[in-house]
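Welcome! Please take a moment with the sequence and the 3D view below, and then we can walk through a few parts together.

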Amino acid sequence: MTKNFYITTPIYYVNDAPHIGHAYTTIACDVIARFMKLDGYDVKFLTGTDEHGQKVEQSAGKMGLDPQTFTDQVSQKFRDLADDLNCAHNDFIRTTEGRHKKAAQDLWKRLEANGQIYLGHYDGWYAVRDEAFYAESELVDGKAPTGAPVEWVEEPSYFFKLSEWQEPLLKFYEDNPDFIAPTGRRNEVISFVKGGLKDLSVSRTTFKWGVPVPGNPDHIMYVWLDALTNYMTAVGFPDENSDEYKKYWPADIHMVGKDILRFHAVYWPAFLLAAGLTPPKKIYAHGWWTNEGQKISKSLGNAINPYDLINEYGLDQMRYFMVREVPFGNDGNFSHTSMINRINSELANDLGNLAQRSLSMVFKNCEGKIPESGDLQKDDLALLNAAKDVLPKLRNFIGKDQALHKGCEAIWSVVGAANKYVDTQAPWGLKKTDPKRMETVLYTLTETIRILALYVQPIMPESASKLLDQLKVPESDRTFDALEKSVVGGTPLDKPEPVFPRYIKEENNVSR
Ligand code: ME8
């Protein structure tokens, strides 16, 4: 039976150009999605753009564009970024699409039919930047707790009976201990819900750019109710009998930044439970990146453009750095020094040199062919077994816990063991004394590199495929099933080319 797996990024607001924070979430999801696919799952990986709301309407106005033209332009930038990050998403959703309006209105009607929505009047604070309502008691120095300016809003509004969902939500968290990750975040959400929930204003009347409320088009659906529905639109909702819906709902993971956890872990399951639908299995809230120690913000003008990093360091290098540098879930700091250190030590020196020096020895000393394995000795088996034993660890770290950094560590522990093995076996000295043993050692190394390259694919797809190409591993033998196979002795190789160059700063041509 096929195993299905559905993972989503947040849908990004189109009021701003994409930056490193957006790239981070999308790369993290891509690593997980690729891992699951290589491990035999039928994967759906969704990303997209959140195009409605007052903030987008205002941004379009500032540019002198109508909202549709504006959102078309900016949404394209996010679509391009996902492609340029080499993300293997298989759907890109825009909330302005017909399929989405239909889904959002359908969810509204289900809530209404279940008596969960009523018409009232909203008097209170609203932060356009966060598209969020705040209670007076939450304000800090007259601003939202996020620092966003707030405005006083008085308007007729529909309300969702969120206050009725406090107990059911707490029970839901208890029954589904993995619903919110990591654990620290789960505790935050639980104490927030225990603090009491008020009914939530779910419509606005003072602007037009959004999904009209069914039956009362003077009202526009609250942008978060509209936006959250995207995850179901993309699998065919409201058609609960569609193949995609049956295969992929409930979603396995909604990956989000910690800034939007409340919307995903409180409002979203409440809407779904109230509509009689099943909530997703997990909300994972990762941390925030700072830039050389400073909060990334528009006013500081220090947003890092992902294209600058790709151009300077290379795409796979950037992908590796982002998932390796920060314990996934924690906040992290971007620093060029740290990026260069990792590229030069872990990629160029550790993995790159292992592959380059081993394959060069094979090429030079084994007539340009992969050697046959002779009798494997204890040290050879220890290395090969250590390499194979990484897969169950990756299943835990990446598939189950999303501890992406630990996944990298597990792979690199074998890189370290393989480099030690080269030094202790010293195959270069065996050529004259024991050529058969030299071949066995080089076979062991070649096979270890194959296994490592298979593991590295989700993180650095392009570099891993260069390594696998060098080893003449056919495309059909690149999933984790193929761990059981082996490099084939006698296969002719091309002259090996280094896959992980050292980073050398251009201006002064000094290697850092
Ligand atoms: O919130 N570090 O969209 P958004 C890490 N449209 N991640 C960051 C980051 C940083 N400095 N800055 C942004 C929205 N992110 C809504 C979502 S979903 C139904 C609607 C990432 O464009 C992180 O994933 O403001 C964060 O949650 C997201 O971008 C916010 O994107």
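Lys485 counts as partly exposed, with a relative accessible area of 45%; that label covers values between the buried range, under 20%, and the exposed range, over 50%, found with a 1.4 Å probe and the protein chains only. Its partner is Asp477: the two side chains meet in a salt bridge with N and O 3.0 Å apart. Asp477 itself is buried, at 18% relative accessibility. A salt bridge here is a side-chain nitrogen of Lys or Arg within 4 Å of a carboxyl oxygen of Asp or Glu.

A word on the source: this is a predicted model, in which local features need pLDDT of at least 70 and side-chain atom pairs count only at pLDDT 80 or more, while totals for chains, interfaces and linings use all residues. Residues are numbered from 1 along each chain as its sequence is written, and side-chain values use heavy atoms, with hydrogens and water left out.

**Charged pairs**

Side chains of opposite charge can pair when their charged atoms come close. The structure holds 29 salt bridges, and the table gives three of them.

| Pair | N to O distance |
|---|---|
| Asp42 and Lys247 | 2.9 Å |
| Lys400 and Asp401 | 3.2 Å |
| Lys485 and Asp477 | 3.0 Å |

What does the pair Asp42 and Lys247 tie together? Asp42 sits in strand E2 (residues 41-50) and Lys247 in helix H9 (residues 243-248), so the pair joins parts that are 205 residues apart in sequence. Helices (H or I, at least four residues) and strands (E, at least two) are DSSP runs, numbered from the N terminus. Asp42 is partly exposed at 24% relative accessibility, and Lys247 is partly exposed at 35%. Asp401, in the pair with Lys400, is partly exposed too, with a relative accessible area of 36%. There is also a network of salt bridges, which links Lys44, Asp91, Glu97, Arg99 and Glu244.

**Around the ligand**

Which residues are closest to the ligand? They are Ile11, Tyr13, Thr25, Asp50 and Asp259, out of 22 residues that surround the ligand, each having a heavy atom within 4 Å of it. A polar side-chain atom of Thr25 is 2.7 Å from a ligand oxygen, a polar side-chain atom of Asp259 is 2.9 Å from one, and a polar backbone atom of Gly257 is 3.0 Å from one. Taken alone, the ligand exposes 670 Å², and the protein buries 94% of that.

Strand E1 (3-13), helix H1 (20-38), helix H7 (223-228) and helix H8 (230-233) each supply at least two residues of this shell. The largest share, four residues, comes from E1. By type, the shell divides into eleven nonpolar, nine polar and two charged residues.

**A covered helix and the cysteines**

Helix H12 (residues 315-325) is mostly covered, with eleven of its eleven residues buried. Among them are Leu315, Tyr320, Phe321 and Glu325.

A disulfide is a covalent bond between the sulfur atoms of two cysteines. How many disulfides does this model have? With a disulfide taken as a pair of cysteine sulfur atoms within 2.5 Å, the count comes to zero. The sulfur of Cys87 is too far for a bond, because the closest cysteine sulfur, in Cys29, is 8.5 Å away. Cys87 is buried at 9% relative accessibility, and Cys366 is buried at 7%.

Conventions. A polar contact is a pair of N or O atoms within 3.5 Å; within protein, one must be able to donate a hydrogen and the other to accept it, and residues adjacent in sequence count only if both atoms are side-chain atoms. Accessible areas come from the Shrake-Rupley method with a 1.4 Å probe; for residues, only the protein chains shown count as cover. Ala, Val, Leu, Ile, Met, Phe, Trp, Tyr, Cys and Pro count as nonpolar, Asp, Glu, Lys and Arg as charged, and the others, Gly among them, as polar.
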